[in-house]
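Please work through each task before reading its solution.

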Amino acid sequence: MKRDVFQAIADPTRRKIIHMTAHESLNVNAVAGNFEVTRTAIYKHMKILTECGLLVITQQGRERFCEAKLDQLNEVSDWIEQYRQLWDNRLDKLENYLADLQTKKKRHAKNKRSR
């Protein structure tokens with residue numbers, strides 16, 4: 001089952017798993033040991049992350065290791081970028097409006113003093 005990457009990052013536990021495994025490959029039990037919920041619950045979170053393509057679990061001998069694959073987060077980044085640009089444009093227009101207003105205010109005050 002292919003899940004949505006947004007579904008994966010919606011849960012704080014899954015975000016923490018991604019954070020933990022983003023920097024280094026960790027044993028599945030080491031990851032599960034960092035949470036105060038059952039290992040079964042953590043395994044379910046890992047399964048969702050795996051289905052989303054954000055986590056890869058590889059067998060090395062008798063142990064399984066987790067590694068974050070962050071390429072899928074580009075989908076989130078692309079989605080956010082469109083709104084970042086929208087707000088950047090709006091804030092730039094507001095900044096220009098305020099700068100024009102300030103200039104007009106200074107000009108008005110200067111004209112008032114010169115009279």
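**Exercise 1.** Determine how strand β2 (residues 55–60) is joined to β3, and how many bridges are involved.

*Solution.* In this predicted model, β2 and β3 run antiparallel and are joined by six bridges. Finally, consider the connection: two residues lie between β2 and β3, which form a hairpin. G61, in the turn, has a positive phi of about 70 degrees.

**Exercise 2.** Identify the sense in which strand β1 (residues 26–27) pairs with strand β3 (residues 63–68).

*Solution.* The pairing of β1 with β3 is antiparallel and extends over two bridges. For the residue-level view, N27 is found opposite F65 in β3.

**Exercise 3.** Locate T21 in the secondary structure, and decide whether T21 is buried or exposed.

*Solution.* First, T21 belongs to helix α2, which spans residues 12–23. Second, the relative accessible area of T21 is 1%. Because buried means under 20% relative accessible area, T21 is classed as buried. Third, with neighbours within four places in sequence left aside, the contacts of T21 are L26, V31, L55, C66, E67 and A68.

**Exercise 4.** State which residues UniProt lists as "coiled-coil region", and give the helix and strand content there.

*Solution.* The unreviewed UniProt entry lists residues 84–111 under that name. Over residues 84–111, the chain in the model is 100% helix and 0% strand. The C-alpha atoms at the ends of this stretch are 40 Å apart.

Notes. Residues are numbered from 1 along each chain as its sequence is written. This is a predicted model: local features need pLDDT of at least 70, side-chain atom pairs count only at pLDDT 80 or more; totals for chains, interfaces and linings use all residues. Side-chain values use heavy atoms; hydrogens and water are left out. UniProt positions are given in the numbering used here, feature names are shortened, and annotations may be inferred rather than shown by experiment. Helices (H or I, at least four residues) and strands (E, at least two) are DSSP runs, numbered from the N terminus. Buried means under 20% relative accessible area, exposed over 50%, partly exposed in between (1.4 Å probe, protein chains only). Contact means heavy atoms within 4.5 Å. Two strands pair if DSSP finds at least two bridges between them.
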